[in-house]
Amino acid sequence: MSTVRFLTGITTSGTPHLGNYVGSIRPSVRASKTQGVESFYFLADYHALIKVDEPARIQRSTLEIAASWLAAGLDPAHVTFYRQSDVPEIPELTWFLTCVTGKGVLNRAHAYKASVDKNTAAGVDPDADVTAGLFMYPVLMGADILMFNAHKVPVGRDQIQHIEMARDMAASFNHRYGEHFVPPQAEIEESVATLPGLDGRKMSKSYDNTIPLFSSREQLKKLIASIKTDSRAPGDPKDTEGSALFQIYQAFASEAETATLRQAYADGIAWGDAKALLLDRIDQEIAPMRAAYEDYMAHPEKVEALLLAGAQKARAIATPFMGRLRAAVGLRKLNTGTETQVVKTVKVALASFKQYREKDGQFYFKLVDSTGALLLQSKGFESPKVAGQAIGQMQRDGATALTALQAQLEPLSTTAHTAVVQALTALALAAEKP
Ligand code: TRP
């Protein structure tokens with residue numbers, strides 16, 4: 001059995017808020033730490049173009065969401081973490097899927113239909129102000145998912161329809177061209193339905209009712225103070241049902257903590273006191289991540305390097321797979337047969353390890369790129385066998401081994417680190433091939 005592949009994206013159209021954290025960032029980081037799971041997490045910046053036409057905002061949002069994911073504990077050495085627009089195979093696959101998707105299916109997509117219904121109600125042309133981008137949104141999302149043959153897609157309930165459409169696209173393509181795609185499944189976290197916002201409606205940038213994930217404690221306090229409650233006085237029992245404050249608390253608290261607050265509601269806790277409890281509970285979880293977040297925000301070059309290394313990992317899968325799909329649909333070299341051809345994998349110039357002994361009697365190794373330039377230098381080992389084992393570990397585990405072997409390696413600068421991550425990833429992928 002192969003490992004289960006998880007994949008999810010966040011549209012880079014705004015500042016990440018507690019709803020994104022609870023519904024997407026936190027569960028994806030947790031899933032990425034599970035054994036036997038391979039995860040793909042990405043910044044959906046092509047999707048952002050559908051909603052946002054301010055370039056600076058897209059750039060800023062991409063950095064903020066990437067920094068949030070990293071600060072929340074996503075480890076780019078263990079997952080494939082990338083920016084959608086760094087993988088040109090995705091828009092190419094979007095076109096392939098466009099050609100097997102019924103227009104009628106897209107007519108029924110919720111987001112498009114909502115715009116049409118609104119226009120119809122207003123008595124204007126049904127498609128007024130609707131771009132073809134909005135109409136095609138589900139196909140781009142299908143390409144995101146099918147590009148990596150993800151089995152499970154952790155999303156909010158509002159996205160279930162999109163996953164069903166991706167299953168349809170996989171089936172139509174497979175029906176015409178043979179088995180290439182795995183039908184994906186939506187993975188809904190039951191415990192977090194949707195987080196309510198300040199006004200009690202779903203927390204969403206479009207309602208302007210969000211609590212930013214990384215606000216200062218002061219800001220957080222102010223926003224929590226503005227959560228809508230009813231006018232019951234201290235001492236009056238309060239309803240947990242329909243209480244945004246209670247639901248937000250529940251998304252952060254343990255079952256025991258939630259039970260305690262439920263009792264406090266019944267006992268007539270003052271709204272001010274309940275808000276103080278919520279502030280403390282949220283801050284307890286977010287505060288430890290704030291320093292990391294601020295560090296990434298102050299060093300966009302670190303995030304950029306990580307994303308580029310991630311795109312390389314993603315493309316190591318996407319490029320050959322796209323080659324296979326091109327051949328399957330008939331976009332082929334003219335001097336080959338008409339049968340679906342076996343696509344040759346592109347040979348990349350791989351880095352290599354060199355082992356040697358120094359005058360000090362110790363055994364060393366180094367990693368050099370295809371031109372012979374030094375990428376990574378080991379410290380001294382007592383025996384050639386132990387040095388060889390460390391090399392073996394890197395060849396097998398790729399960049400993941402860097403952390404495990406840190407003590408045996410000479411330190412790396414940030415730029416050198418990126419090059420080493422890329423070289424080791426390529427080596428490990430090459431080793432995996434049958
Ligand atoms: N549509 C998703 C959202 O707005 C973001 C997204 C884009 C996505 N592509 C995806 C989510 C692929 C899961 C899988 O929340």
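## The pocket and its lining

Strand S1 (4–11), helix H1 (18–32), strand S2 (37–44), helix H2 (45–51), helix H6 (110–121), helix H7 (132–147) and strand S4 (152–154) each give at least two residues to the lining of the second largest pocket. Helices (H or I, at least four residues) and strands (E, at least two) are DSSP runs, numbered from the N terminus. H1 supplies the largest share, eight residues.

This is a predicted model: local features need pLDDT of at least 70, side-chain atom pairs count only at pLDDT 80 or more, and totals for chains, interfaces and linings use all residues. Residues are numbered from 1 along each chain as its sequence is written, and side-chain values use heavy atoms, with hydrogens and water left out.

The second largest pocket holds about 1,400 Å³ of space. Its lining counts 50 residues, and the closest to the centre are Lys-51, Tyr-137, Asp-158, Gln-159 and Lys-202. By class, the lining has 23 nonpolar, 18 polar and nine charged residues. Here Ala, Val, Leu, Ile, Met, Phe, Trp, Tyr, Cys and Pro count as nonpolar, Asp, Glu, Lys and Arg as charged, and the others, Gly among them, as polar.

## How pockets and cavities are found

On a 1 Å grid over the protein atoms alone, a cavity is a set of points where a 1.4 Å probe fits but cannot get out; a pocket is an open set with protein on both sides within 12 Å along at least five of seven lines. Lining residues have an atom within 4 Å of a point. A volume is the space filled by probe spheres set on the points, which are joined across faces, edges and corners.

## The ligand

The ligand takes up the space of the second largest pocket (more than half of its atoms lie within 2 Å of the grid points). Around the ligand stand 14 residues, each with a heavy atom within 4 Å. The closest are Thr-11, Tyr-137, Met-141, Asp-144 and Gln-159. By class, this shell has eight nonpolar, five polar and one charged residues.

Polar contacts are pairs of N or O atoms within 3.5 Å. A polar side-chain atom of Tyr-137 lies 2.6 Å from a ligand nitrogen. For Asp-144 the distance to a ligand nitrogen is 2.7 Å. For Gln-159 it is 3.1 Å. The protein covers 88% of the 370 Å² of accessible area that the ligand has on its own (Shrake-Rupley method, 1.4 Å probe). S1, S2 and H7 each give two or more residues to the shell.

## The cavity

One cavity of 30 Å³ or more is present. The largest cavity has a volume of about 30 Å³. Its lining is Ala-109, Ala-111, Tyr-112, Leu-134, Tyr-137, Pro-138 and His-162. H6 and H7 each give two or more of these residues. H7 has the largest share, three. Six lining residues are nonpolar, one is polar and none is charged.

How values were computed: A polar contact is a pair of N or O atoms within 3.5 Å; within protein, one must be able to donate a hydrogen and the other to accept it, and residues adjacent in sequence count only if both atoms are side-chain atoms.
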